[in-house]
Amino acid sequence: MDRNRLQHQVACMRRSLFDQGYLDEPFIQLEELQDDANPNFVQEIVTLFYTNSARLIQNIEHALNSRPIDFNKLDDHMHQFKGSSSSIGAKKVTNECTVFRDYCSAENAEGCSRSFQQVKQEYAILRRKLEVYLQMVRQAAVSQTA
């Protein structure tokens with residue numbers, strides 16, 4: 001694919017991630033930290049986010065399925081997930097985490113369960129979109145060196 005066209009597609013996809021509310025300012029800050037000395041910085045941080053998220057989602061599922069539900073523990077796990085999401089600029093995921101934590105504060109188990117499904121859905125959508133975007137970024141980088 002033509003290098004300019006690929007770079008244009010990367011720029012358009014990036015813009016759509018922001019326009020659709022999937023990403024916000026912290027993602028820009030991560031990109032600004034990437035340089036020639038660490039050309040895979042964003043990819044590495046996002047991969048770390050995925051690894052951490054899988055563990056936290058499992059912890060939240062376990063806490064939601066335990067009886068009686070320990071809402072403090074559940075809130076602690078979601079607080080960590082929200083912090084991780086916020087640190088990479090995962091705006092929609094972060095917003096859903098806030099809703100979940102509100103249900104935790106109210107000790108509303110049904111609300112937590114419904115909200116958790118939304119959190120997982122937003123996370124899955126973001127992950128798919130980011131994987132495509134980062135793949136395109138890698139392709140664009142390779143085309144520049146070719």
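**View 1. Lysine K92 is partly exposed in the predicted model**. The relative accessible area of K92 is 26%. Because buried residues lie under 20% and exposed residues over 50%, this value of 26% places K92 in the partly exposed class.

**View 2. Helix α5 carries K92**. The helix comprises residues 91–105. From the N terminus on, the order of elements is α-α-α-α-α-α.

**View 3. The contacts of K92 include Q20, G21, Y22 and E122**. These residues touch K92 when those up to four places away in sequence are not counted. Contacts across the protein chain are described by a further value: of those between residues at least 6 apart in sequence, 65% join residues at least 24 apart.

**View 4. K92 and R55 are separated by 19 Å in space, C-alpha to C-alpha**. In sequence, K92 and R55 are 37 residues apart. For the charges of the protein chain as a whole, 17 are positive and 19 are negative. The mean positions of these two sets of charges lie 5 Å apart.

**View 5. The protein chain around these sites spans about 60 × 30 × 20 Å**. These extents are those of the C-alpha trace along its principal axes. The chain has 146 residues, of which 37% count as buried.

Notes. Residues numbered from 1 in each chain as written. Predicted model: local features only at pLDDT ≥ 70, side-chain atom pairs only at ≥ 80, totals over all residues. Heavy atoms only, no water. Helix = DSSP H or I, 4+ residues; strand = E, 2+ residues; numbered from the N terminus. Buried < 20%, exposed > 50% of the residue type's maximum accessible area, 1.4 Å probe, protein only. Contact = heavy atoms within 4.5 Å. Lys, Arg positive; Asp, Glu negative; His and termini not counted. Charge placed at Lys NZ, Arg CZ, Asp CG, Glu CD.
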